[in-house]
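Reader: I am new to this structure. Please take me through some of its contacts, one question at a time.

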Amino acid sequence: MAATNVRTEQQSTDKRSALDRFFEITARGSTVKQELRGGLVAFVAMAYIVVLNPQILGAATDVEGNGLDFGQLTAVTGLVAGSITVLFGLVARLPFSLAAGLGMNSFLAVSVVHDVTWPEAMGLVIINGVIIVFLGATGVRTAIFHAVPAPLKTAITVGIGLFIAFIGFVNSGFVTRTPDGPPVQLGQGGSITALPTIIFVFALLLIGVLVVRRVPGGILIGMVVATVVSIIVQAIAHLGTVGDPKNPDPQGWNLSAPELPSHIVALPDFGLVGQFDLFGSIQRVGMLSVVMLVFTLLFTNFFDAMGTMTGLAGNAGLSRPDGTFPRIRQAFIVEGIGAIGGGAASASSNTVFVDSAAGVAEGARTGLAACVSGGLFLVSMFFTPLIEVIPMEAGAAALVIVGAMMVIQIQDIEMKDFRVSLPVFLTIVSMPLTYSIANGIGVGFISWALIHVLTGRGKRVHWLMWVVSAGFLLYFTRDGITAMLGG
């Protein structure tokens, strides 16, 4: 009996050691508990995408007047995010989670389906993903990464920090649009009066204090407490939602009201899987228009993901002196597979999510955290009613905290040379101000190349920087080019 117990204990130790060796948990200064907690926090911070992605895609009808079913969109959003994130954790072994990219799904819903059908639009997403996988597998994407100067890589991290903080402020109602005058304002009419925004402020302060005091799981604890408080407030105040098409409540919740659901479990409907048309768009709108649409998808997907991975790796302490990180090629390839999977299931392109920085901030350092997040996304397909309880205001507070952590890295940039400081500054501010990571990278690349060549330092600019900068110029002027060519 004693021998059996010893043998069982030894087998358990071997299993733990195998897990540790595979994910390099100890080598990266982490623990299994830390990875589990980080994966959970990342999922909670990203859970809103299971509800938001269907709302964005489901609200638009295509050129033939057809739409996508909300319930089916909810199922495939969780299916693709979970599958790709688990794959990313196992292959790239990094603590990054993937889900439907907000920039991509908005572009599809607002622009692309005005000209093509939903199946044809998803076919374009797949083509975009195939190109990304090719660029990753051949090393082109890694070569471009190496060509980026170190100050710009750090600037991308800082810019993403400001960007996700801005997302948090907007999602919470702390910052809103103005009908006239400045583009944004504080709260409603310059003051904070909405209860959900006040809960955001409470959550922000609570998480901040917990982080300062180094409380394990501080971000998760803050989000859970904020959710409980939100449920109580909603039960008393009966608030609506800001975006309710029938009866919008400007003092209400941003996405959905945090009410206890009538039921917890719902069976997923995978009817959208396989509903794509690879080449139908060519016949409908012509090759030129298809090329420009794929070009736009490619640049947004390619550089958003590259910038996000750079920022997350830096924040996790995984960046090498040259700015690269472990298993970078595998990461780029799997991210491209995320675009293919998203298109094949009509969930939109799946890419590395900047919100997974919340898990990194909680201590996630390995792919085990990604596997946890991915597994929870798969489980979420059956628990959508429960996920809807988490208010966006709770996740928004975590994003602002994480953004503050990422901005700290600006101290690593030598800003005395204005040839460096101006492109760095433009990279950082362009991301939140244009609401796009890719735009910030493009502005930084172009300004870096031009300033160096015009001040006699052109030889110091890698030739790939010129190629990518030229590509960004086309990207920024794509509408004008299409109009000139009659597309």
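Reader: Which residues of α15 does α2 meet?
Author: This is a predicted model, where local features need pLDDT of at least 70, side-chain atom pairs count only at pLDDT 80 or more, and totals for chains, interfaces and linings use all residues. Residues are numbered from 1 along each chain as its sequence is written, and side-chain values use heavy atoms, leaving out hydrogens and water. Contact means heavy atoms within 4.5 Å. From α2 come Val-32, Glu-35, Leu-36, Gly-38, Gly-39, Leu-40, Ala-42, Phe-43 and Met-46, and they meet Leu-368, Ala-369, Val-372, Ser-373, Leu-376, Phe-377 and Ser-380 in α15.

Reader: How many residues of the contact of α2 with α15 are nonpolar?
Author: Ala, Val, Leu, Ile, Met, Phe, Trp, Tyr, Cys and Pro count as nonpolar; Asp, Glu, Lys and Arg count as charged; the others, Gly among them, are polar. The contact of α2 with α15 has 1 charged and 4 polar residues, and the nonpolar ones number 11.

Reader: At what angle do α2 and α15 pack?
Author: Helices are DSSP runs (H or I, at least four residues), strands are E runs of at least two, and both are numbered from the N terminus. Axes are lines fitted to C-alpha atoms, for helices over the stretch in contact, and angles run from 0 to 180 degrees between N-to-C directions. The axes of α2 (residues 32–46) and α15 (residues 367–380) are 7 Å apart, and the packing angle is about 45°.

Reader: Which word describes how α2 and α15 lie to each other?
Author: Angles under 35 degrees count as roughly parallel, over 145 as roughly antiparallel, and 65 to 115 as roughly perpendicular; the rest are oblique. The angle here is about 45°. So α2 and α15 are oblique.

Reader: Is the crossing of α19 and α20 left-handed or right-handed?
Author: Their axes come within 9 Å and cross at roughly 125°, which makes α19 oblique to α20. A crossing is left-handed if the near helix is turned anticlockwise from the far one by less than a right angle, and right-handed if clockwise. α19 passes α20 in a crossing that is left-handed.

Reader: How many charged residues has the contact of α19 with α20?
Author: Among the residues in this contact are Phe-445 and Trp-448 of α19 and Met-465 and Phe-472 of α20. By class, 16 are nonpolar and 3 polar; the charged count is no residues.

Reader: Is Val-148 buried or exposed?
Author: Val-148 sits in the loop between α7 and α8. Leaving aside neighbours within four places in sequence, Val-148 is in contact with Lys-153, Met-306, Phe-445 and Met-465. Buried means under 20% relative accessible area, exposed over 50%, and partly exposed in between (1.4 Å probe, protein chains only). At 5% relative accessibility, Val-148 therefore counts as buried.

Reader: Is Ala-235 buried or exposed?
Author: Ala-235 is found in helix α10. Its relative accessibility is 52%, so Ala-235 counts as exposed.

Reader: What is the phi of Ser-348?
Author: Most residues other than glycine have a negative phi. Ser-348 lies in the loop between α13 and β4. Ser-348 is not a glycine, yet its phi is positive, at about 75°.
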